[in-house]
Amino acid sequence: MLNQHEPDNEFVKRLEWRIDRELRLRNRSFQATGWFLRSRVRAVLGLVGLMALSMGIGAAAVVGAYQAQNKERRAPLISEFQQRAELARQHLASITEQLQRKERDVSLGVAKPEEMLEARVNVAEAQAQLRLAELHLEEVRITGHDPLSNLSSPLVSGRDFVGEGLRIEMSVPQAALELEQFRLRGTKKHIDVGIAPPIDLEVSRLRIVEVEAAIESFQKKMDIRQSFLDRRIDGPEVELRVLEVEAEQRQKTLIPKVELAREELEATRIRVQAGLEQRVHIAEAELRLQKLETDMAKVALDLALVRRQLEQLRIGR
Amino acid sequence: MMRPLPQEEVIQMYHETIRPLYAYVSQRVGGDVSLAEDLVQETWMRALDDWAKKGIPREPLAWLRRVARNTLVNHFRRVRLQPIAMESLDIGNEFLSTNPDNAAAVGWAMARLRRSYSEILEAFYFEGKTVHEIAADHSLSERAVEGRLRRSRAALKKKLDQIRRKPAASRRRNMEVKDAKPARTR
């Protein structure tokens, strides 16, 4: 006989399935916005930042554990978030210095304007990290708990910390849009003078679509948040709407990728027929296309499931 | 910033923590299966949100329990209870009650206590810690813990009194007094 406080096996399996699905959805969404750390320089910076952050969190956790033994819980939590803010401040200072160097190099003609724009995006990202860290610190000071992150979280002392966080996070893709538009103009020029293949233009457009989809997704999430605060929708509907928005975002970024993969396959076939490439390249291009089409089918399924749940929610009311 | 979560690691963690987490919640809702399942699911969804932003905590079960506790408090702060019959109140028994109504009453009252009171009651009754252990955890003397436990119990009783149905005899007396009033004025 089962212990009264033992979970039902059916429930354990059902929840596992849901967690697995959520992880798949979220991780795919992360990959779709993977433009974030594309360049090598940014990847290295990201890694350094991550290491610093991990060390900081580790240190904060040790300090936190020590203080928790002594007194209340609020103090160590505040201390941890203060350290995170301090780390973000130091990171921003170093990134700003790099931007200033890059601006000087561009004015001297020893660096490309694109590199300066990249440095500006890095600064925007570091600024957003700092503002988020400060926002979390303010929230922790008020509540004494970890900051809330769900769109269906309540206001804290009349203040919408979740909405403010979304606005801050949106500032990063907004800054990246300027860079991608600049890259697109550059690619057009290169194609016009014949030093770049036309497919480069599609790649540049694809990046813009990704950034615009990320911005649109943030805007929709802010609308959902506002609807929740105005009590037009409830918590379960908020969660489903967020899943819908994220699936739509992935769909938007996948459509041009599939188109691009089709064009690449066609171009590869022509080159193979002309004897410029080997047949193995056709197989590679076909595989790329099939993978993307499978991703599209998965997103369509996720979207259909979420929309069906939303419909059931409406009928159930 | 969002980061991808390692799928296999999280699922493995889920298997390791689901039973103790469920037991933690179920005990606090008097074995109400659907409520316990809802709250455990909500806790895990919060975990996925939070871990994607801040990374997986060092002690996932402790983290999940803390969030489950907050989720329980939020739940009990939202619910409106009907008056319930708890004729002779024995705080110790009510905590370990297998009757969901009594457990809900305790949860409702606990959610309305100050944090220091609810924490000490939880540690003593749900976690079965001794006064000595609680004193060590909170860097307090055993005497101070005993005093705080006494005050916590009194505060809990006071809250529970707000939702306890009055015994049938006293209700009858009240009704009789009400019925008698017009006769006296006449």
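Which residues form one aromatic cluster?

A: The model is a predicted one. In chain B, the residues B:Tyr14, B:Trp44, B:Trp51 and B:Trp63 form one aromatic cluster.

Aromatic pairs come next. Over all chains, the structure holds five of them. One is made by A:Phe11 and B:Tyr22, whose ring centres are 5.9 Å apart. The planes of A:Phe11 and B:Tyr22 stand at 50 degrees to each other, and the pair is tilted. A:Phe11 belongs to helix 1 of chain A (residues 9-32), while B:Tyr22 belongs to helix 1 of chain B (residues 7-28), so this pair joins two chains. A:Phe11 has a relative accessible area of 1% and is therefore buried, since buried means under 20%. B:Tyr22 is also at 1% relative accessibility, so B:Tyr22 counts as buried.

Another pair is found within chain B. The ring centres of B:Phe124 and B:Tyr125 lie 5.0 Å apart and their planes meet at 85 degrees, so the pair is edge-to-face, the term for angles over 60 degrees. B:Phe124, at 24% relative accessibility, is partly exposed, whereas B:Tyr125, at 14%, is buried.

Some rings in chain A have a charged side chain over them. A:Arg84 lies over the face of A:Phe81, at 4.7 Å from the ring centre. In the case of A:Phe218, the charged end of A:Lys221 sits over the ring, 6.0 Å from its centre.

How values were computed:
Residues are numbered from 1 along each chain as its sequence is written. Chains are lettered from A and ligands numbered from 1 in the order in which they are written. This is a predicted model: local features need pLDDT of at least 70, side-chain atom pairs count only at pLDDT 80 or more; totals for chains, interfaces and linings use all residues. Side-chain values use heavy atoms; hydrogens and water are left out. Rings of Phe, Tyr and Trp (its six-membered ring) pair if their centres lie within 6.5 Å; planes under 30 degrees apart count as stacked, over 60 as edge-to-face and the rest as tilted. Helices (H or I, at least four residues) and strands (E, at least two) are DSSP runs, numbered from the N terminus. Buried means under 20% relative accessible area, exposed over 50%, partly exposed in between (1.4 Å probe, protein chains only). A charge sits over a ring if NZ of Lys or CZ of Arg is within 6 Å of the ring centre and within 35 degrees of the ring normal.
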